[in-house]
Amino acid sequence: MDQDHDIPSRGGRPPLWTEEPARRRRMPDPVRTAAVRAVIIIALTLGQAMVAVFCALAGAWFAFPATLCSIASTVVATWAAVDVWVTRQVWNQRHGVISVPSSSAREMRKARRPRFP
């Protein structure tokens with residue numbers, strides 16, 4: 001009972017996992033927020049569309065309102081997907097895009113502005 005089970009032993013076994021660097025950089029916060037919002041909206045839209053289809057197949061009275069809501073949700077989901085793209089483009093334009101071998105990143109306006117004493 002003198003062995004501590006909380007401390008892993010290195011008795012010739014390789015570790016269970018090894019840390020690897022990320023393949024891609026993390027998305028900026030506004031872009032990630034827009035992407036999460038779009039995924040949630042799209043998931044709800046797909047669920048709503050399934051309800052509309054099942055109600056239509058069953059002949060329920062709720063089929064018509066569900067279909068109208070699904071059409072409206074499809075418009076909102078498309079808007080959310082476009083919002084992700086626009087947010088990403090705005091982020092890249094404001095904060096610069098670093099690419100190799102050249103960069104389209106521009107200097108900040110304050111840095112380009114000549115200073116007068």
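Which side chain meets Asp-29 in a salt bridge at 4.0 Å, N to O? I looked it up, and the partner is Arg-26. The model I am reading is predicted.

**Entry: the bridges around Asp-29**

I searched the whole structure and found 3 salt bridges. I stayed with Asp-29 to begin with. Its side chain also meets that of Arg-32, with N to O at 2.5 Å. Asp-29 and Arg-32 both sit in helix α1, 3 residues apart, about one turn of the helix. I recalled the geometry here: an α-helix has 3.6 residues a turn, so residues three or four places apart point the same way.

Arg-26 is exposed, at 66% relative accessible area. Asp-29 is partly exposed, at 46%. Arg-32 is also partly exposed, at 24%.

**Entry: the bridge from α1 to α2**

Next I looked at Arg-37. It forms a salt bridge with Asp-83, and the closest N and O atoms are 2.9 Å apart. This pair links distant parts of the chain: Arg-37 belongs to helix α1 and Asp-83 to helix α2, 46 residues apart. Arg-37 is partly exposed, with a relative accessible area of 40%. Asp-83 is partly exposed as well, at 24%. I also noted that salt bridges with shared partners join Arg-26, Asp-29 and Arg-32 into one network.

**Entry: the chain overall**

I stepped back to the whole chain. I count 3 helices and 0 strands. The pattern along the sequence is α-α-α. Of its 117 residues, 14% count as buried. The chain exposes about 11,100 Å², and carbon and sulfur atoms supply 64% of that area. I looked at contacts with a separation of 6 or more: residues 24 or more positions apart account for 55% of them.

**Entry: helix α1**

I checked the length of α1, residues 29-58. Its 30 residues at 1.5 Å each should span 44 Å, and the end C-alpha atoms are 44 Å apart, so the two agree. Just after α1, Gly-59 takes a positive phi of about 75 degrees.

Which residues of α1 are buried? I listed Val-31, Ala-34, Ala-35, Ala-38, Thr-45, Ala-52 and Cys-55. The buried residues of α1 pack against α2, residues 63-95.

I looked for the largest nonpolar core. It has 5 residues in all: Ala-34, Ala-35, Ala-38, Ala-80 and Val-84. Both α1 and α2 give two or more residues to this core. The largest share, 3 residues, comes from α1. I then traced Val-84, leaving out residues up to four places away in sequence: it touches Ala-34, Ala-35 and Ala-38.

**Entry: Thr-45**

Is Thr-45 buried or exposed? I find a relative accessibility of 9%, so Thr-45 counts as buried, the cut-off being under 20%. Thr-45 lies in helix α1. Leaving aside neighbours within four places in sequence, Thr-45 is in contact with Ser-70, Ser-73, Thr-74 and Ala-77.

**Entry: a nonpolar patch**

Which residues make the nonpolar patch of about 460 Å²? They are Met-50, Val-53, Phe-54 and Leu-57. I picked Leu-57 to check. It lies in helix α1. Its relative accessible area is 70%, so Leu-57 counts as exposed.

Conventions:
Residues numbered from 1 in each chain as written. Predicted model: local features only at pLDDT ≥ 70, side-chain atom pairs only at ≥ 80, totals over all residues. Heavy atoms only, no water. Helix = DSSP H or I, 4+ residues; strand = E, 2+ residues; numbered from the N terminus. Expected span 1.5 Å × (residues − 1). Buried < 20%, exposed > 50% of the residue type's maximum accessible area, 1.4 Å probe, protein only. Contact = heavy atoms within 4.5 Å. Patch = residues over 30% accessible without salt bridge, like charges linked within 9 Å, V, L, I, M, F, W, Y side chains within 5 Å. Areas by Shrake-Rupley, 256 points an atom, 1.4 Å probe, with all protein chains shown as cover. Core = buried A, V, L, I, M, F, W, Y, C linked by side-chain atoms within 4.5 Å.
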